[in-house]
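Subject: A structure for you to explore

Hello,

Here is the structure I promised to pass on to you. Please open it beside this email and look up each residue as you read.

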Amino acid sequence: MFTYKTEKELHEYLVKHFNDFFDFDYISSEFIITGGRIDILGKDDNTIYVVELKRDFVTNATIEQLSNYIPEIQSLNPDKVVLGIAVAPKIDDKVNIDSLPSNITIKTLDNVKFIEPEHNFTKKRVTYTLDEELIERLREYSDKTMIPQAKIVNEALIEYLNKNESTKQ
């Protein structure tokens, strides 16, 4: 059983043992495209595989992320089939497996286990409701700067809280 505390550790393990988990060839990791950074790219004769790795759960956001990556990879490889694979040890209960897009599958990992780090700096997933205009502005800025949306939101929250905390003192 392989145990890990970060997605990076899991990523490195999967790349090192790629053939134990996948039945296609490894191309590259951290492949940058306009819409973000693809964790792993793979291929076989007629197919390009876009692999999105999560350290703990495949969520609906993971499926959406893959859905956004596939068209760009398809445009770069018009003569190939492009398929997305969401990879994690588990699947979030909110994911409706029966309604996945036909070009996306989910692969759960056996013999790996995520261990929550023991420090107080563990990142937690938080969900907010944002209006469509703000989401579109965030998406456009992320695409233009190649900065992940989550990082932009995180930095904006820190800046806002620091600014407001200093004015109340």
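Below is what was found in it, starting with the whole chain and moving on to single residues.

**How to read it**

This is a predicted model, so local features need pLDDT of at least 70, side-chain atom pairs count only at pLDDT 80 or more, and totals for chains, interfaces and linings use all residues. Residues are numbered from 1 along each chain as its sequence is written, and side-chain values use heavy atoms, with hydrogens and water left out.

**The whole chain**

The protein chain has five helices and nine strands. Helices (H or I, at least four residues) and strands (E, at least two) are DSSP runs, numbered from the N terminus. Read from the N terminus, the order is β-α-α-β-β-β-β-α-β-β-β-β-α-α. The C-alpha trace spans about 60 × 40 × 30 Å along its principal axes.

Of the 169 residues, 31% are buried. Buried means under 20% relative accessible area, exposed means over 50%, and partly exposed is in between (1.4 Å probe, protein chains only). The accessible surface of the chain is about 11700 Å², and carbon and sulfur atoms hold 49% of it. Accessible areas come from the Shrake-Rupley method with a 1.4 Å probe; for residues, only the protein chains shown count as cover.

A contact means heavy atoms within 4.5 Å. Among the contacts with a separation of 6 or more, 55% are between residues 24 or more positions apart.

Find helix α3, residues 60-76. The expected span of a helix is 1.5 Å times one less than its number of residues.

Which residues of α3 are buried? They are T62, I63, L66, Y69, I70 and I73. An α-helix has 3.6 residues a turn, so residues three or four places apart point the same way. The buried residues of α3 pack against β2 (25-33), β3 (36-43), β4 (47-53), β5 (57-58), β6 (81-88) and β8 (104-108).

The N-terminal end of α3 is capped by T59, with a side-chain oxygen 3.3 Å from the backbone nitrogen of A61.

T62, in α3, counts as buried because its relative accessibility is 1%. Beyond residues up to four places away in sequence, T62 touches E52, K54, F57 and A86. The C-alpha atoms of T62 and V87 are 9.1 Å apart, although the two are 25 residues apart along the chain.

**A buried glutamate**

Now look at E52, which sits in strand β4. Is E52 buried or exposed? E52 is buried, because its relative accessible area is 2%.

A polar contact is a pair of N or O atoms within 3.5 Å; within protein, one must be able to donate a hydrogen and the other to accept it, and residues adjacent in sequence count only if both atoms are side-chain atoms. The side chain of E52 makes a polar contact of 3.2 Å with that of K54 and one of 3.4 Å with that of Q65. Leaving aside neighbours within four places in sequence, the residues in contact with E52 include R37, D39, T62 and Y69.

**Helix α4**

Helix α4 covers residues 132-145; its 14 residues should span 20 Å, and its end C-alpha atoms are 20 Å apart, which agrees. D131 caps the N-terminal end of α4, with a side-chain oxygen 3.2 Å from the backbone nitrogen of E133. Just after α4, M146 has a positive phi of about 65°.

Most residues other than glycine have a negative phi, and most peptide bonds are trans. E30 has a positive phi near 50°. E30 lies in strand β2 and is partly exposed, with a relative accessible area of 36%.

N111 has a positive phi near 65°. Where does N111 lie? N111 is in the loop between β8 and β9 (112-114), and it is exposed, with a relative accessible area of 53%.

Enjoy exploring!
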